[in-house]
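Have a look at the chain first, then we'll go through the fold, the confidence and a few residues.

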Amino acid sequence: MGYTTTGVALFVSSFLCPTGSSTRKRVRKMKINGTVVTLQGEITLLEYLQQSQYDCLKIAVERNGEIVPRAGYANVVLQQQDVLEIVRFVGGG
């Protein structure tokens, strides 16, 4: 039984991500606040923010150099290679 690491990786890859599958989830790598993040499947900006426990009333989001209006968070589908900057507002004196 001379299995190679490459052979196992190809088998696992083809099993988990068969070509031509309409139900396959796309893996998306993007950069959020300078850190590379991998997301599974299609997700909106609003869903990501909620899953990451951001308070949407206390943040501003820049996507690929442009400010995203808060009202548009649910309409923005995060894409491969997006670059997000999420800034939290803090009070002080």
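Two strands pair here if DSSP finds at least two bridges between them. By that rule, strand E1 (residues 27–32) and E5 pair in the parallel sense over two bridges. Helices (H or I, at least four residues) and strands (E, at least two) are DSSP runs, numbered from the N terminus. This is a predicted model, in which local features need pLDDT of at least 70 and side-chain atom pairs count only at pLDDT 80 or more, while totals for chains, interfaces and linings use all residues. Residues are numbered from 1 along each chain as its sequence is written, and side-chain values use heavy atoms, with hydrogens and water left out.

**Overall fold**

- The protein has two helices and five strands, and along the sequence they follow the pattern α-β-β-α-β-β-β.
- The strands make an open sheet of five, in the order E2-E1-E5-E3-E4, with mixed pairing.
- At the edges sit strand E2 (35–40) and strand E4 (66–68), each of which pairs on one side only.
- From one strand to the next the twist averages 35 degrees; axes are lines fitted to C-alpha atoms, for helices over the stretch in contact, and angles run from 0 to 180 degrees between N-to-C directions.

**Confidence**

- Mean pLDDT (the predictor's confidence in each residue, from 0 to 100) is 79 for the protein, and 72% of its residues reach 70 or more.
- Over residues 1–23, pLDDT stays under 50, and the model has four contacts beyond four places in sequence for that stretch. Contact means heavy atoms within 4.5 Å.

**Burial, surface and contacts**

- Of the 93 residues of the protein, 25% count as buried. Buried means under 20% relative accessible area, exposed over 50%, and partly exposed in between (1.4 Å probe, protein chains only).
- Among contacts in the protein with a separation of 6 or more, 51% come from residues 24 or more positions apart.

**Who pairs with whom in the sheet**

- In the parallel pairing of E1 with E5, Ile32 has Leu84 in E5 as its bridge partner.
- Strand E3 (residues 59–63) and strand E5 (residues 83–88) pair in the antiparallel sense over five bridges.
- Along that pairing, Ala60 stands opposite Val87 in E5, and Ile59 has Arg88 in E5 as its bridge partner.
- E3 and E4 also pair in the antiparallel sense, over three bridges, with Glu62 opposite Ile67 in E4.
- If you're reading off side-chain directions, remember that in a regular strand they alternate between the two faces of the sheet.

**The E3–E4 turn**

- E3 and E4 form a hairpin with two residues between them.
- Asn64 lies in the loop between E3 and E4 and is partly exposed, at 42% relative accessible area.
- Phi of Asn64 is near 50 degrees, a positive value in a residue other than glycine.

**The loop between E4 and E5**

- Gln81 is found in this loop and is exposed, with a relative accessible area of 56%.
- Although Gln81 is not a glycine, it has a positive phi of about 70 degrees.
- Asp82 is also found in the loop between E4 and E5, but Asp82 counts as buried because its relative accessibility is 4%.
- Leaving out residues up to four places away in sequence, Asp82 touches Met30, Lys31, Arg63, Asn64 and Val77.
- The side chains of Asp82 and Asn64 are joined by a polar contact of 2.9 Å. A polar contact is a pair of N or O atoms within 3.5 Å; within protein, one must be able to donate a hydrogen and the other to accept it, and residues adjacent in sequence count only if both atoms are side-chain atoms.
- Asp82 and Lys31 are 51 residues apart along the chain, with their C-alpha atoms separated by 6.4 Å.

- Thr44 is found in the loop between E2 and helix H2 (45–51).
- Thr44 is buried, with a relative accessible area of 15%.
- Not counting residues up to four places away in sequence, Thr44 touches Tyr73, Ala74, Val76, Val77 and Leu78.
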